[in-house]
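Keep the model open while you read and click along.

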Amino acid sequence: MIKKLLCLLITGMVFTSALAQDVKFKVLALYTTTVEPDHVDFAHDAIKYFTDLAAKRGFTFDSTTNWKNLNDDNLKNYQVIIWLNDFPQDELQRTAFVKYMDNGGAWLGFHVAGYNDQYTKWPWFLSFLGSGVFYNNSWPPLPAKLIVDDGNHAVTKDIPASFIAPINEWYGWRPSPRLNKDVKVLVTLDPKNYPLGKKDIIREGDIPVVWTNTKYKMLYINMGHGDQIFTSEIQNKLFENAVIWLGARK
Ligand code: ZN
């Protein structure tokens with residue numbers, strides 16, 4: 001009897017430690033409260049979502065509006081960095097982030113975090129993102145049908161082959177990140193949505209929505225505009241998969 005109990009106890013301990021190991025990582029989300037109000041709303045909703053998820057899945061989630069926290073000393077405490085609605089503010093922060101990624105850090109970027117144009121002047125980031133420059137957007141924000149490109153990836157696991165994403169402002173990119181041989185596109189805007197928008201209309205084009213540059217531990221997710229983003233169980237599952245994949249993989 002004692003032997004059986006001991007055996008159960010050990011099994012339980014091994015199981016618990018395996019689970020803990022699976023999800024034991026620290027996430028830092030950076031955001032700004034002085035940007036477009038719809039992007040601030042998203043950041044607040046995201047912080048609530050990831051705080052709850054962290055409690056459920058056993059990882060640590062911190063958030064800050066102080067982008068000076070993008071420095072070597074602080075970054076070494078975290079396995080995943082999230083940019084919710086903004087990007088580094090100066091050269092020092094950019095440099096620390098590059099070093100962090102080069103040393104095996106992981107990044108999750110939402111919506112405007114991937115925004116770049118001719119004024120961005122950060123070639124490293126453009127290459128990191130997969131070479132797509134912001135090209136156009138849809139307005140007003142609308143729901144859209146999305147297509148999952150590869151349902152076997154950890155990020156798209158248990159996500160249906162296509163689903164309706166909640167109201168978002170959708171971005172188009174030129175060139176499409178799909179043309180980059182290092183990019184793996186996971187979710188794409190269904191062309192059946194076109195023309196998408198009323199004031200600003202996306203009429204055509206291959207528009208990836210979720211992708212990773214396989215040279216890095218990174219994922220870009222175009223969702224992130226307004227206070228409706230976390231209203232879809234399916235899409236929430238995608239976000240959960242994303243952070244677990246970035247945090248837990250070797
Ligand atoms: Zn937006």
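1. Let's start with leucine 219. Keep in mind that this is a predicted model. Leaving out residues up to four places away in sequence, leucine 219 touches Trp107, Leu108, Gly109, Val155, Leu186, Val210, Trp211, Thr212, Ala242, Trp245 and Leu246. Apart from it lies another core, of 30 residues, with Leu70, Tyr78, Ala113 and Tyr171 among them.

2. Now the largest nonpolar core, which has 50 residues. Those touching the most other members are Phe50, Ile82, Leu84, Trp170, Leu219 and Met223. Helix α2 gives this core its largest share, eight residues. As background, nonpolar side chains tend to be buried together in soluble globular proteins.

3. On to strand β4. Five of its five residues are buried, so β4 is largely enclosed by the rest of the structure. Ala106, Leu108 and Phe110 point one way, while Trp107 and Gly109 point the other way, and all are buried.

4. What are the neighbours of β4? β3 and β4 run parallel and are joined by four bridges, with valine 80 partnered by alanine 106 of β4. Strand β11 (residues 217–221) also runs parallel to β4, joined by five bridges; here alanine 106 has lysine 217 of β11 as its bridge partner. Look too at how the chain gets from β3 to β4: together with helix α4 (residues 91–102), these strands make a right-handed β-α-β unit.

5. Helix α2 (residues 37–57) has 21 residues and reaches 30 Å from its first C-alpha to its last, close to the 30 Å expected at 1.5 Å a residue. Its buried residues are His39, Val40, Phe42, Ala43, Ala46, Ile47, Tyr49, Phe50, Leu53 and Ala54. What do they pack against? The buried residues of α2 pack against β2 (60–64), β3 (80–83), β4 (106–110), β8 (171–174) and α6. Just after α2, have a look at glycine 58, with its positive phi of about 85 degrees.

6. Last stop, helix α6 (residues 233–248). α6 is mostly covered, with 12 of its 16 residues buried; Phe239, Ala242, Trp245 and Leu246 are among them. At the start of α6, a side-chain oxygen of serine 232 reaches to within 3.3 Å of the backbone nitrogen of isoleucine 234.

Key
Residues are numbered from 1 along each chain as its sequence is written. This is a predicted model: local features need pLDDT of at least 70, side-chain atom pairs count only at pLDDT 80 or more; totals for chains, interfaces and linings use all residues. Side-chain values use heavy atoms; hydrogens and water are left out. Buried means under 20% relative accessible area, exposed over 50%, partly exposed in between (1.4 Å probe, protein chains only). Helices (H or I, at least four residues) and strands (E, at least two) are DSSP runs, numbered from the N terminus. A polar contact is a pair of N or O atoms within 3.5 Å; within protein, one must be able to donate a hydrogen and the other to accept it, and residues adjacent in sequence count only if both atoms are side-chain atoms. The expected span of a helix is 1.5 Å times one less than its number of residues. Contact means heavy atoms within 4.5 Å. Two strands pair if DSSP finds at least two bridges between them. A crossover is right-handed if, with the strands pointing away from the viewer, the path from the first strand over the helix to the second runs clockwise. A nonpolar core is a set of buried Ala, Val, Leu, Ile, Met, Phe, Trp, Tyr and Cys residues joined through side-chain atoms within 4.5 Å.
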